[in-house]
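Visitor: I'd like a close look at a single part of this protein, please. Pick one spot, tell me what surrounds it, and then take me onward from there.

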Amino acid sequence: MRNSFSNLPLTGVKVVDFGQYIAGPAVAMLLGDLGATVVHIDPPGGPMWDSPANAALNRNKVIVNLDLKTPEGLERAKTLCAEADIIVENFRPGKLAALGIDFAAMRNQRPELITISIPGFASNDAERRELRAYESIVAASSGVFTDMGLNRVLMGLNPSFSPLPLASAYASQIAASATVLALQSRQVTGLGDQIEVPLAAAVMEGLCYNSIKVENMPERYLTQREVEIERRRIEGLPMNVAYEELQELLDPFFRSYMCKDGRMFYVVCPSHKNHARRCLEVLGIYDELVADGLTSEEDTYKPWSEWSHDTSLGVYPMPKFWADKIAARMKEVFMTRTSHEWKKMFGRGLIPGAPQRWLQEWIHDEYAETSGLMIDVHDPIYGDMTQPGPVVWMEESGEEALQPEPRRWVDFDEALKILKKHRTEIPDPSEETAKVGWLTGVRVLDLCNVIAGPHSASYLARFGAEVIKLDPSVPMYDSWNTVIYGMSQMRGKRSILADITSHHGRRVFEDLVKSVDVIVWNAPDNQIKKMGLDADSLRKLNPDVLFCKLDCFSGVRRGTRTDYIGYDDLVQATTGIMLRFGGAMDRPEEHAHVGTIDVMCGFGGALGVAAALYQKYRFGRIGRGRTSLNANSGLLQIPFAFDYKGRGLFDEPSGPEANGYDALTRFYSTASGRYVLLSAYEADLPRFRKVEGLEDLPDLPEEDRAAYLATAFQSLPASDWVEKLQSADIGVAICENLDALRARNSREADGTPGTENGSYSFSIYPDHPSGHEVTQLDPYAVRPTRAKVFAVEPSEKFGTSTRMILGELGYVEEAIEVMIKSGDVAESWSTEYLPS
């Protein structure tokens, strides 16, 4: 295990990991990658999930096999826990306590202890807390598989299966960030915390951009696909659009194009003033299309009715006439070069675009290897093994993070000795500071855009951080991107608008930097020094400020694509997610959910901030936290993102026809017309003898199971089957949808964060600042026992707090007026909150 001279931020922090499957072990893996000493406890027979993925999930850990059902095993586990700073588990609520590992009792004895529980459903969800909450059960119950994107709805593929462990990936990032936020708070208060992060709540937070409902959304924001879905529903037409027809409903700057080498190239250039223009310029068709009448509206934040033309380059979505015209030319030009050529031309031209690749290719990609996004670890079972690199790291200790220790089995005595080597200094408990949020008193400057970065800062606000969002005085993105996404990622923030490249704006920026504790920014490395955000420049302005950076492609080390700009979708293309979802090179399909990787990366950014704060309070070091969308894709694909000599095929479920893994874990249609997701294993077969109508299943050959179950499930409604199977403790769930979950679990906003409302919780804001009634998910996935979680305020209009913040910085009213008149600073981008 690592020694005490390590520069990793969590050096000396001791973790006992009871986790099984993905979420619990992944939390401890994230902590171990940041330097924590981790002892992982497995049952005598080994892990409950026997997968090569455990080699990555348990790196930087020593493993002890203990039987908690025996007095000796329980006593040894308690002895290890007595040495821990952090204990991790992810069983059903109360299961570990029933075995004798009672977190509440432990914290009564040791108030400095931090415990983290990651159950499938919330402990205060009486309806679901006892269910067998496998990954797919949580996903089905939480609406992941239903209405899975506009494409799948139009193709009539509903529900749709995806093998990505969204719930576990989101939950592990949320739980790890919460754990380290509690740890840094402990350095101030002397007190730990008892935290719960239910998988269901975590995946809902990941889907918060999908589940939001805005009444009377202006027509200009509806895409061709949304209009077509509504038309078919009104006219009673079937959803049976072919894949090829569907492509012609996509925006030309948000789709894949076939290249000369037979590979598809994904372009994501909508809604930015420069990206779409640069795209057409590098393709050599910009002047041609302008000559044909393509225009760029000077102010796209005016009401649509006041525009000079029907569209504007750089605005999403484009009307069908221009979408078809532009796409036709782009198709022709993309066929003139290979995807590799276009990758370099787009990347160097600061244009978001990337070739489609399979996961197997990404694992062995030269850039992935040189950047540290994929690393080699010599595992004691699988030998030389390629695994995802660190997901979150600190710039000053990133190289050390690239050298993880492989998992190692030890006996109890050695595990105890390893834990006893470290002693953590903790201040005396302070009750005066015990009842506030983990980040109360911390001031954050958010310089980010789109989703990942801004979401990270908004997440920090729920724990008491004061967050100031600084945006340009003239927007670079259109209102579809800023305002609609902002309804989620601007919550709990105050907004100021200033051009930090201008005379007045630069002074405001520097004054803000001097006033904050943390800066969060999402952009490539090559922009850092230019903006004065490199370590040397920041040290001159504010030597104590912490800096956390998120971007698209970076790893610990620099490489050819480090400075390429991009979004969630491009990482999906680069790492094989789109090809798996679509099923073939000529039919890639974006994984449905808005922010599939973005939101998780936001939680990773928060983990970077938390680690930097802890390192500052514990060691006095001023550090720079890092994460990227690409790094997070490794966590999102952890069940199959690895390779080693003798590995089997990369054959996880793929394509639009995938309905599960096998006959025991897949969708089935029922007599009520609703689908259920069955999730059972070979070991569960005897349980089916207790289920009326399925008694013969254990006696059938494996190849006959699917037909038998498909016929049987048609005999009763979905609710009846769920009751029967759950009574036999077999994993099953009705495939819910987000609209229904929102309708059943909404209340008018009451100033609480929703943590008391079980696994699902939404608030209705009838007087939302936008002027629209808005219903959105509560900030409720993290449930501490001691610290407070705040119900963050709805997103204010961009620029609302400009004058207030300038006044707090010491600017007098006359000076503020001068800055606003100069255009260097602004109070608004538009007359309306959501331009109509």
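Guide: Let's start at His272, which touches Gly314, Met476 and Tyr477, not counting residues up to four places away in sequence; contact here means heavy atoms within 4.5 Å. This is a predicted model, where local features need pLDDT of at least 70 and side-chain atom pairs count only at pLDDT 80 or more, while totals for chains, interfaces and linings use all residues. Residues are numbered from 1 along each chain as its sequence is written, and side-chain values use heavy atoms, with hydrogens and water left out.

Where does His272 sit? You'll find His272 in the loop between β9 (264–268) and α13 (275–283). Those labels come from DSSP runs, numbered from the N terminus: helices are H or I with at least four residues, and strands are E with at least two. His272 has a relative accessible area of 7%, so it is buried. The word has a cut-off: buried means under 20% relative accessible area, exposed means over 50%, and partly exposed is in between (1.4 Å probe, protein chains only). Now look along the chain: His272 and Ser479 are 207 residues apart, yet their C-alpha atoms are separated by 9.8 Å.

His591 lies in the loop between α26 (577–582) and α27 (598–619). Its relative accessibility is 2%, which is why His591 counts as buried. Leaving aside neighbours within four places in sequence, His591 is in contact with Met148, Ser162, Leu164, Leu166, Gln572, Ile577, Phe581 and Thr596.

Look for Gly566 in the loop between β19 (546–551) and α25 (568–574). Gly566 counts as buried because its relative accessibility is 18%.

Let's turn to the backbone. The peptide bond from Asn158 to Pro159 is cis, with omega near 5 degrees, and Pro159 is in the loop between α7 (149–155) and α8 (166–189). Tyr316 and Pro317 are also joined by a cis peptide bond, with omega about -5 degrees. Pro317 sits in the loop between α14 (286–291) and α15 (320–334).

There are positive phi angles to spot, too. Asp147 is not a glycine, but its phi is positive, at about 50 degrees. Asp147 belongs to the loop between α6 (135–141) and α7, and with a relative accessible area of 32% it is partly exposed. Val450, another residue other than glycine, has a phi near 65 degrees. Val450 is placed in the loop between β15 (443–446) and α21, and at 9% relative accessibility Val450 counts as buried. Helix α21 (residues 452–461) is itself mostly covered, with 10 of its 10 residues buried. Among them are Pro454, His455 and Tyr459.

Now for some charges. A search of the whole structure finds 64 salt bridges, where a salt bridge is a side-chain nitrogen of Lys or Arg within 4 Å of a carboxyl oxygen of Asp or Glu. Take Glu510 and Arg506: they form a salt bridge whose closest N and O atoms are 3.4 Å apart. Both lie in helix α23 (residues 503–515), 4 residues apart, about one turn of the helix. Glu510 is partly exposed at 27% relative accessibility, and Arg506 is partly exposed with a relative accessible area of 22%.

Compare that with Glu736 and Arg674, whose side chains meet in a salt bridge (3.5 Å, N to O). Glu736 lies in the loop between β25 (731–734) and α31 (738–744) and Arg674 in the loop between β23 (665–669) and β24 (675–679), so the pair ties together parts that are 62 residues apart in sequence. Glu736 counts as buried at 13% relative accessibility, while Arg674 is partly exposed at 36% relative accessible area.

One more pair: Arg747 forms a salt bridge with Asp750, the closest N and O atoms being 3.1 Å apart. Arg747 counts as buried at 18% relative accessibility, whereas Asp750 is partly exposed, with a relative accessible area of 44%. To finish, find Glu395, Asp525, Lys549, Asp551, Arg558, Asp563, Arg624 and Arg626, which are linked in a network of salt bridges.
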